[in-house]
Amino acid sequence: MTTPLPHRAIAMLRAVAAGRAELTASSEPDLRVDGLPCCDQAMAHDLVHAGLVVADGSGAAWMPARLTPSGERALASAGPPGGRAAA
């Protein structure tokens, strides 16, 4: 991932942090938010491959997504929604 993260990536991380997202268990996991497929699966793959998001569990077709410590730091550095990023 590049720094700073694109707005779409930040929105996806916020959805994960809020407990609204799920991932599939595959090498290129798909993401859905509020039960709907995410509009940017390539970005979802990037977030997982960058180690910012992981599936919380194993074996199920869809599992809750959660932020990793790196994902939490990335989201914290993005600042509050609608606000300015931390310096």
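The mean positions of the 7 positive and 8 negative charges of the protein chain are separated by 9 Å, where Lys and Arg count as positive, Asp and Glu count as negative, and His and the chain ends are not counted; the place of a charge is taken as NZ of Lys, CZ of Arg, CG of Asp or CD of Glu. The model is a predicted one, in which local features need pLDDT of at least 70 and side-chain atom pairs count only at pLDDT 80 or more, whereas totals for chains, interfaces and linings use all residues. Residues are numbered from 1 along each chain as its sequence is written, and side-chain values use heavy atoms, with hydrogens and water left out.

The secondary structure of the protein chain comprises 3 helices and 5 strands, the elements being DSSP runs numbered from the N terminus (helices H or I of at least four residues, strands E of at least two). Along the sequence these elements follow the pattern α-β-β-β-α-β-β-α. The radius of gyration is 12 Å, close to the 12 Å that the globule rule gives for 87 residues, so the protein chain is as compact as a globular protein of that length; this radius is taken over C-alpha atoms, and the rule is 2.2 Å times the number of residues to the power 0.38. Taken along the principal axes, the C-alpha atoms fill a box of roughly 40 × 20 × 20 Å. Of the 87 residues, 36% count as buried, a class defined by under 20% relative accessible area, with exposed meaning over 50% and partly exposed in between (1.4 Å probe, protein chains only). The protein chain exposes about 5100 Å², of which carbon and sulfur atoms supply 56%, as computed by the Shrake-Rupley method with a 1.4 Å probe. Among contacts (heavy atoms within 4.5 Å) between residues at least 6 apart in sequence, 50% join residues at least 24 apart.

The 5 strands form an open sheet in the order E3-E2-E1-E5-E4, with antiparallel pairing. Strand E3 (36-37) and strand E4 (53-55) stand at the edges, each with a single partner strand, so one side of each is left without a neighbour in the sheet. Two strands are taken to pair if DSSP finds at least two bridges between them. Strand E2 (residues 31-33) pairs with E3 in the antiparallel sense over 2 bridges, and Arg32 stands opposite Pro37 in E3. Strand E1 (residues 21-24) is joined by 3 bridges to strand E5 (residues 62-67), the two running antiparallel, with Glu22 opposite Pro64 in E5. E5 is also paired in the antiparallel sense with E4 over 3 bridges, and here Val53 stands opposite Leu67 in E5. The hairpin of E4 and E5 has 6 residues between the strands, and in it Gly57 takes a positive phi near 135°.

In strand E2, Leu31 counts as buried because its relative accessibility is 3%. Leaving out residues up to four places away in sequence, Leu31 touches Met12, Ala21, Glu22, Leu23, Leu36, Pro37, Cys38, Gln41, Ala44, Trp62 and Ala65. The C-alpha atoms of Leu31 and Gly57, 26 residues apart along the chain, are separated by 15 Å.

The buried residues of H1 are Ala9, Ile10, Met12, Leu13, Ala15 and Val16, and they pack against E1, E2, H2, E4, E5 and helix H3 (69-78). H1 is followed by Gly19, whose phi is positive, near 80°. In helix H2 (residues 41-49), the buried residues are Gln41, Met43, Ala44, His45 and Leu47, and their cover includes helix H1 (7-17), E2, E3 and E4. Gly51 follows H2 and likewise has a positive phi, near 80°. Val48, also placed in helix H2, counts as partly exposed because its relative accessibility is 21%. Apart from neighbours within four places in sequence, Val48 is in contact with Leu23, Pro29 and Val53. The C-alpha atoms of Val48 and Pro29, 19 residues apart along the chain, are separated by 7.6 Å.
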